[in-house]
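Reader: I would like to learn how to read side-chain features from coordinates. Can we take them one at a time?

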Amino acid sequence: MESAYSLRTQFEFNFLLTSATRALVQPAIFAYVQAYVKRYFSGSNLKTFRPNKPATEMTESWNTFASNTSLHGLRHVFGVSSWFRRIFWILCMLAAILFYIYILSSNIRKYKSLPIDTRTSYEFNKNGIPFPAVTICNLNHFDKFKLDLGYEDKRFKTQGLDISACDIAHNISGNLTCGHALLCATFEYARSIMKNCTTEIRDALKEALETSRSFDREEFVSRFGNEIESMLVGPCMFSFSENCSAKDFVPIISKAGLCHTFNNHMHEKNKHLHLAGAETGLRIILDTKGSWRTIGGRSVGFDVIIHNPSPVLPWSQGFHVQPGTNVKVLIQATKYIRLPKPYKSACSRKHLGDYGNYTREHCILKCANDAITQDCGCRLLGSPVSKEVPVCSFKAEKCSHEVLEKWSQGSCSCQLPCEEITYQSSTTYSKYPSETLLHVLKDRFNLNESETYLKSNLVNLRIGFADNTHQVFTEYPSYDGESLFADLGGSMGLLLGCSILTLVEFLDYLCMKIYAFLCSRNTRTAAEQNE
């Protein structure tokens, strides 16, 4: 019996070695299993073989692993005989593990919060700094000379003032010219400056124009507004050698009447500047025509807006210029680069269609116009909505006002743009023109107006960059995946004295144990079948 038992055990031993040889590819792992099996089946184990491994074998294997692993402290828990030292090291390891878990959770929460930082830099463009668009709006919204032209005057037709609404106004307005009649119907306080604009005539004009639907307010503003040719006096200069003229200004209709934009996006190529200083930028002389006062703002002068080229005017960036002054404007370009969702900036790259490049102000204006168009079926004056949507009529104005009273910016999803350039301006003023310059202006540009008129109406406007660099604010993630991995690895090494390879060691040990268990189970199954 003992001989048969030994032969069966020897057969199982050879079968296990053969199975391990065929199954394993890596020589190092095979050597480990071979040594383990030989040790298990050698000596007294050949005589005392049982289907289940002894518990002492597992303990011995774990003690060997714990004594050689790179996880600090584990060898002192299983490799010493003193229970006092074992308890001490167990407490130390538990404290280190708990503290590491706390740091781990804190770092993960910080990573999920997606914090951001802002980096500030200064950039110098070899091709020059893009010059912004400059929009000029006369605070006197209409040209009095055009308003005064009668129907019989030849210039009334040659200047394109005979719009379709004039035919209706002619039959109702009595002695009023077309310009005065339309002004009387459009502005409530026009009757305060025009004697023949009575309440009866104004109501009759509004009713007739509303019924005929032939009155286009934008057409009225564009035809009877102040043209840039009539406001430019003297030379228009840009940079050192480039001349400009009225052709470089694009008319744009706004709530301030007819405005004119220099360096607009409609040009094929926008202008650049290489040098700083007001004398290197745009230099023009303007005439406010203050003595030809009609309807407009509460003051005399110009509204100057420095902005990115766009069909929509950002009124928050404008400033007023009074007549009789020399205005020096130095602008500083600042570029912002923001992060999109899921970061806190949540910047947007929406396409706004006719509103031009995305800005928060353009988005809010589009949202308000869309609300008015949806509820009232019309659009605000100068809004770049499809021309198929008419400008709000006299009756529809009340509807638009009610919509704007109920409307709030919270109903619009208008975040900051992911990339934008803003222009901050610093303005200084001095009296203009001097006594000497008065004679030069009158002689060189053939100005027939009196010296009092020139001192009371002329504006010398100079706009340039304060610096030939622009400031850039760039947002970036302050705690990304690399930072999280570095912090976790550093804490792991500081508290536990291990690295990612230590985890690989535990995984390797577990896999080898599972593999040895499967091999022994197959051996027992084969032995039972042979019996």
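Reader: Which residues form one aromatic cluster?

Author: Keep in mind that this is a predicted model. The cluster is made of Phe142, Phe187, Phe215, Phe220, Phe224 and Phe394.

Reader: How is a pair of aromatic rings described?

Author: By two values: the distance of the centres and the angle of the planes. Searching the whole structure gives 14 aromatic pairs. One of them joins Phe88 and Trp89, with 5.9 Å centre to centre and 80° between the planes, an edge-to-face pair. Phe88 has 45% relative accessibility, so it counts as partly exposed. Trp89 is also partly exposed, at 26%.

Reader: And for Phe215 and Phe220, what are the distance and the angle?

Author: Their ring centres are 6.1 Å apart and the planes meet at 50°, so this pair is tilted. A tilted pair falls between the two cut-offs, because under 30 degrees is stacked and over 60 is edge-to-face. Phe215 and Phe220 are both buried. Both belong to the aromatic cluster.

Reader: Which ring does the charged end of Arg86 sit over?

Author: The ring of Trp83, at 5.1 Å from its centre. There is also a lysine case. Lys271 lies over the face of Phe238, 5.7 Å from the ring centre.

Reader: What does the UniProt annotation say about residues 87-104?

Author: The unreviewed entry annotates them as a "transmembrane region". Treat that as a record, then look at the model. The chain there is 100% helix and 0% strand. The end C-alpha atoms lie 25 Å apart.

Reader: Now salt bridges. How many does the count come to?

Author: The count is 11 salt bridges. Start with a local one. Lys144 pairs with Asp148, and the closest N and O atoms are 2.9 Å apart. Both residues lie in helix H6 (residues 144-148). They are four residues apart, about one turn of the helix.

Reader: Are Lys144 and Asp148 buried or partly exposed?

Author: Lys144 is partly exposed, with a relative accessible area of 30%. Asp148 is partly exposed too, at 34%.

Reader: Which residue forms a salt bridge with Glu397?

Author: Arg217, with the closest N and O atoms 2.4 Å apart. This pair links distant parts of the chain. Glu397 is in helix H14 (residues 394-406) and Arg217 in helix H11, 180 residues apart. Now check the accessibility of each partner. Glu397 is partly exposed at 23%. Arg217 has a relative accessible area of 13%, so it counts as buried.

Reader: What does Arg217 touch, beyond residues up to four places away in sequence?

Author: Thr186, Leu381, Val391, Cys392, Phe394 and Glu397. Phe394 is also a member of the aromatic cluster. Arg217 itself is found in helix H11 (residues 217-224).

Reader: Where do Glu279 and Arg462 lie, and what does their pair tie together?

Author: Begin with the contact. Their side chains meet in a salt bridge, 2.0 Å from N to O. Glu279 lies in the loop between strand S8 (272-273) and strand S9 (282-287), and Arg462 is in strand S14 (residues 458-465), so the pair ties together parts 183 residues apart in sequence.

Technical notes. Residues numbered from 1 in each chain as written. Predicted model: local features only at pLDDT ≥ 70, side-chain atom pairs only at ≥ 80, totals over all residues. Heavy atoms only, no water. Phe/Tyr/Trp six-rings, centres within 6.5 Å; stacked < 30°, edge-to-face > 60°. Buried < 20%, exposed > 50% of the residue type's maximum accessible area, 1.4 Å probe, protein only. Lys NZ or Arg CZ within 6 Å of the ring centre and 35° of its normal. Helix = DSSP H or I, 4+ residues; strand = E, 2+ residues; numbered from the N terminus. Contact = heavy atoms within 4.5 Å. UniProt positions renumbered as here; feature names shortened; annotations may be inferred. Salt bridge = Lys/Arg side-chain N within 4 Å of Asp/Glu carboxyl O.
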